Amino acid sequence: MATPSSDSDLTRIMFGVNESSIKGYPHASISSKSAFDWTLNKIIRSNTTGFKLLFLHVQVPDEDAFDEVDSIYASPEDFKDANRKDKIRGSHLLEYFVKRSHEIGVACEAWIKKGDPKEVICHEVKRVQPDLLVLGNRGLGPFQRVFVGTVSEFCVKHCECPVVTIKRSADETPQDPVDD
């Protein structure tokens, strides 16, 4: 198979990835890893030169913006430090996916945004215009979805590209399915 001559010849697959709620940063969630592995095994297979993978991590800002600050009498430098730490943690998370992509020879890009994951993912899909969005799915039941909500369900309804959701396997599901 011929090597694509430009970025426009590549199939661009975007992933929304998040950190593990069990292990925290820099560990990727079970669902994010499952979606990535499924894509490698079922879509990319051995055609590593025909694709470009786009990894988006959305950090949810703390509601009071004091998640890493000791008091409300913080200095402006404290806020800069907190933002710097968030970027570093997000970068370490994305590093897992970028390293794996480079190991197998697939082109990739990765970036971090802040906000509501479902809104930011839909906005980034509109801006970047990937050919496909792949998201992990925890497989929550209807009762759990009412309280937790699902990013993947929202994206299926609102994103302007085809969306594939990959449910984690039963053997990967933690005792509390909300955990990931």
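Modeller: Ground rules before we start. In this predicted model, local features need pLDDT of at least 70 and side-chain atom pairs pLDDT 80 or more, while totals for chains, interfaces and linings use all residues. Residues are numbered from 1 along each chain as its sequence is written, and side-chain values use heavy atoms, without hydrogens or water.

Biologist: What share of the 180 residues counts as buried?

Modeller: Buried means under 20% relative accessible area, exposed over 50%, partly exposed in between, with a 1.4 Å probe and protein chains only. For the 180 residues of the protein, the buried share is 36%.

Biologist: How far does α3 reach from its first C-alpha to its last?

Modeller: Helix α3 covers residues 117-128, which is 12 residues. The expected span is 1.5 Å times one less than the number of residues. That expectation is 16 Å, and the helix is close to it, reaching 16 Å.

Biologist: Which elements are included in the cover of the buried residues of α3?

Modeller: The buried residues are Val120, Ile121, Cys122, Glu124, Val125 and Val128. Contact means heavy atoms within 4.5 Å. The cover includes β1 (11-17), β4 (51-59), β5 (107-114), β6 (132-137) and α5 (151-158).

Biologist: At what angle do the axes of α3 and α5 cross?

Modeller: Two packed helices are described by the angle and the distance between their axes. Axes are lines fitted to C-alpha atoms, for helices over the stretch in contact, with angles from 0 to 180 degrees between N-to-C directions. Here the axes of α3 and α5 come within 9 Å and cross at roughly 35°.

Biologist: Which residues of α5 make the contact with α3?

Modeller: On α3, the contact is made by Pro117, Lys118, Glu119, Ile121 and Cys122. By class, the contact has six nonpolar, one polar and two charged residues. The α5 side consists of Val151, Phe154, Cys155 and His158.

Biologist: Is Lys157 buried or exposed?

Modeller: Lys157 is found in helix α5. Its C-alpha is separated by 9.8 Å from that of Cys122, 35 residues apart along the chain. The relative accessible area of Lys157 is 63%, so Lys157 is exposed.

Note on methods:
Helix = DSSP H or I, 4+ residues; strand = E, 2+ residues; numbered from the N terminus. Nonpolar A, V, L, I, M, F, W, Y, C, P; charged D, E, K, R; others polar.
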